[in-house]
Amino acid sequence: MSRSRLLHLSLALAAAVVLSTVAAVGFGAAAIPIPKVWAVIAHELWPSLAPPADASRAERNIVWELRLPRVLLGALAGAGLAAVGAVLQVVTRNPLADPYLFGVSAGASVGAVLVILYAGTVAGTIGLPAAAFLGALAAMLAVFAAARERDGVVTSERLVLTGVAVAFILSAVTNALIVTGTDRGADSALFWMMGGFGTARWSVLPIPAGLTVAGLVWLWLRAETINTLALGDDAARSLGTDPDRLRLELFVVTALMTGALVSACGGIGFVGLVLPHIARMLVGGHLRALLPVAALGGALLLLWVDVAARSLFAPREIPVGVVTALVGGAFFLWLMRRRPAA
């Protein structure tokens with residue numbers, strides 16, 4: 001795809017994300033017209049420029065205090081998980097790679113569930129994301145160490161197989177923690193593991209927002225170097241890249257992003273697996289083009305998945321992770337039927 005077409009596609013997706021953010025705030029058990037949503041947001045952002053909205057206190061609280069942080073967290077989670085999936089698929093040259101395959105999400109879940117079950121509110125707003133990050137980083141380091149061969153070489157195949165094994169082990173640890181936890185804590189942990197944005201507040205956003213945006217910028221700036229890993233380790237070395245060091249850097253950055261997002265919204269699968277495939281169909285496999293399209297597409301997807309999750313059976317909500325699993329599974333079945341037989 002040419003640069004001008006990529007720029008137009010990225011701008012169109014960015015505009016769709018902004019418009020969808022405003023529109024998504026209006027959906028829910030208490031529907032609020034989009035002009036009123038925009039008026040409330042404009043007055044809160046620019047009180048000296050925008051007049052007070054013609055909205056009740058309850059409508060203002062729903063828009064500003066409840067739904068806008070929730071919608072923004074959904075967009076961040078979609079963008080971050082899709083970008084991490086795109087990078088992992090390039091690094092391992094495996095189209096099935098995503099944060100779940102490498103045990104990153106499972107490691108973050110162990111840390112987060114430990115805090116939910118045994119620390120609760122004592123951990124404060126920092127405790128949960130910190131524990132999730134440490135769990136994600138520990139899982140990544142365990143995968144990296146276990147996949148290393150005797151001569152120090154780490155191949156993509158060993159990384160994938162080791163990641164699957166570590167993910168299973170950590171999932172078993174999480175389940176054991178829940179089974180042996182208190183009933184109330186176990187219920188909270190189980191609901192959190194299904195994924196959702198219902199607990200999003202302004203106080204929750206700074207850590208996932210800061211780490212996700214910083215991670216996206218770093219990955220985009222390093223896209224050319226990361227792309228060399230897709231050619232194989234020998235080719236990457238011939239181009240001046242140290243594959244092992246770059247993989248370690250990437251694992252730390254993706255663990256940071258995944259840990260921060262999983263701690264804020266629980267386990268949401270398939271976004272990091274599906275969106276890179278869709279983006280690759282549109283712009284090809286070069287990471288410099290793939291990253292922005294996958295990230296914006298992921299944000300757009302989770303914005304509307306969350307709308308469906310809280311609107312289809314309102315006032316009851318469906319966990320977002322359940323909806324993404326249904327959509328992602330159906331997409332992969334369609335993709336398998338579409339591909340020619342080997």
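Where is the place of Phe-270?

**View 1. Phe-270 sits in a loop of this predicted model.** The loop lies between helix 11 and helix 12 (271-283). Helices here are DSSP runs (H or I, at least four residues), numbered from the N terminus. Phi of Phe-270 is near 75 degrees, a positive value in a residue other than glycine. Most residues other than glycine have a negative phi. Phe-270 has a relative accessible area of 28%, so it counts as partly exposed. The cut-offs are under 20% for buried and over 50% for exposed, with partly exposed in between (1.4 Å probe, protein chains only). Residues are numbered from 1 along each chain as its sequence is written. In this predicted model, local features need pLDDT of at least 70 and side-chain atom pairs count only at pLDDT 80 or more, while totals for chains, interfaces and linings use all residues; side-chain values use heavy atoms, with hydrogens and water left out.

**View 2. Helix 8 covers residues 206-221.** The helix has 16 residues. Its first and last C-alpha atoms are 22 Å apart, close to the 22 Å expected at 1.5 Å a residue. That expected span is 1.5 Å times one less than the number of residues. Pro-208, Thr-212, Gly-215 and Leu-219 are its buried residues. Exposed Pro-206 and Leu-221 are on the face turned away from the buried side. Among the elements covering the buried residues are helix 3 (57-92) and helix 11 (243-265).

**View 3. The second largest pocket has a volume of about 440 Å³.** Its lining counts 20 residues. Val-17, Val-18, Thr-21, Leu-72 and Ala-75 lie nearest its centre. Helix 1 (3-25), helix 2 (34-45), helix 3, helix 8 and helix 13 each give two or more residues to the lining. The largest share, 6 residues, comes from helix 3. On a 1 Å grid over the protein atoms alone, a pocket is an open set of points where a 1.4 Å probe fits, with protein on both sides within 12 Å along at least five of seven lines; lining residues have an atom within 4 Å of a point. The volume is the space filled by probe spheres set on the points, which are joined across faces, edges and corners.

**View 4. Arg-5 lies in helix 1.** Its relative accessibility is 56%, so Arg-5 counts as exposed. Arg-5 and Val-283 are 278 residues apart in sequence. In space, their C-alpha atoms are 9.3 Å apart.

How values were computed:
Contact means heavy atoms within 4.5 Å.
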